[in-house]
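Dear colleague,

Please find below the structure that I am handing over to you. My notes on it follow directly after.

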Amino acid sequence: VTPDAAWREEVLRLAEERDAVLLAHNYQLPEIQDVAHHTGDSLALSRIAASSTASTIVFCGVHFMAETAKILSPEKTVLIPDERAGCSLADSITAEQLREWKAQHPGAVVVSYVNTTAAVKAETDVCCTSSNAVDVVRSIPEDREVLFCPDQFLGAHVKRVTGRENLHIWAGECHVHAGINGPELAEKAAANPDADLFIHPECGCATSALYLAGEGAVPADQVKILSTGDMLTAARSTNASSVLVATEVGMLHQLRRAAPEIDFRAVNDRASCRYMKMITPAALLRCLREGLDEVTVDQETAERGRDAVRRMIAIGQ
Ligand code: 13P
Ligand code: SF4
């Protein structure tokens, strides 16, 4: 399947026929981002999924994102073009492990990153994404212990920003972001001294970036720890003529569209998520033609996870 004008037309025609809204995450292939009705970060897409009046949601992203949409809108049909599109970060904690962790910290508030399975969300008090994690943790009374899972780098970032000592962090990680490391960032930053650094908080290099700023190797105002959606906002307002981007490489497409005059470069150009890239033009066409793969969440799990997801979309509006 070639993602040409005829493909695009057919995708949009079939979407209309199914009364479907097409959502694409910022890490999707460029042609998928361009055909979608909405492209954005995890939080923005969750909000659109919850408020859309379409009877079907086609989620071009990974499985936990489609599950989250289904939890929020059980009456809607939620489709994902390839249900094998998983997430190494979501796989780094199971509901069983979370139950054991909770048993060790009775009374603690559980904050789970949205990159978790529905079963983990069912054990969670409030979910967050990278764009509102700090606000979510700040909304919890100071004297309550917090269990933050599953991403250790985002957890470390939240702990640093909030200064909260009673925040316990699970040792999970995303294989793509963990692979964007400090030495690579330091080398690229030294070669491009005027460039801004846009760093996703899931990255292994987020701490190193702040260290570089602390040491004066990079001016502090050039180091920005941002979710994918916030990177787009920053791209529109920065005065820098070049930006080093530390996140999954799909992000470069939206950044270049938002600010064509800026030279955006990946800190690690091998940082591609194979799960995100399973959503191919052929898979999207099959999904719309056959109504597959349908994402379901059993009623009890969805009910138990719904409040946590609703709190997430309400915080940081
Ligand atoms: P955001 O879009 O919330 O920044 O999430 C990044 C991510 O890794 C999603 O898989
Ligand atoms: Fe999961 Fe990482 Fe892929 Fe995002 S980039 S979907 S966190 S494996």
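Of the 14 residues around ligand 2, those that come nearest are Cys87, Leu89, Cys174, Val176 and Cys273; a residue is near a molecule if its C-beta atom, placed from the backbone, lies within 6 Å of it. This shell divides into nine nonpolar residues, four polar and one charged (nonpolar: Ala, Val, Leu, Ile, Met, Phe, Trp, Tyr, Cys and Pro; charged: Asp, Glu, Lys and Arg; polar: the others, Gly among them).

This is a predicted model, in which local features need pLDDT of at least 70 and side-chain atom pairs count only at pLDDT 80 or more, while totals for chains, interfaces and linings use all residues. Residues are numbered from 1 along each chain as its sequence is written, and chains are lettered from A and ligands numbered from 1 in the order in which they are written.

The protein chain contains 15 helices and twelve strands (DSSP runs numbered from the N terminus: H or I of at least four residues, E of at least two). Strand S1 (residues 20-25) has six of its six residues buried, that is, with 20 or more other C-beta atoms within 10 Å of the residue's own, C-beta atoms being placed from the backbone. Ala20, Leu22 and Ala24 cover one side of S1, and Val21, Leu23 and His25 the other.

S1 pairs in the parallel sense with strand S3 (residues 56-60) over five bridges, pairing requiring at least two DSSP bridges. Leu22 has Val58 of S3 as its bridge partner.

Along its principal axes, the C-alpha trace of the protein chain spans about 55 × 50 × 30 Å.

Yours sincerely

Methods
Buried ≥ 20, exposed ≤ 12 C-beta atoms within 10 Å, placed from the backbone.
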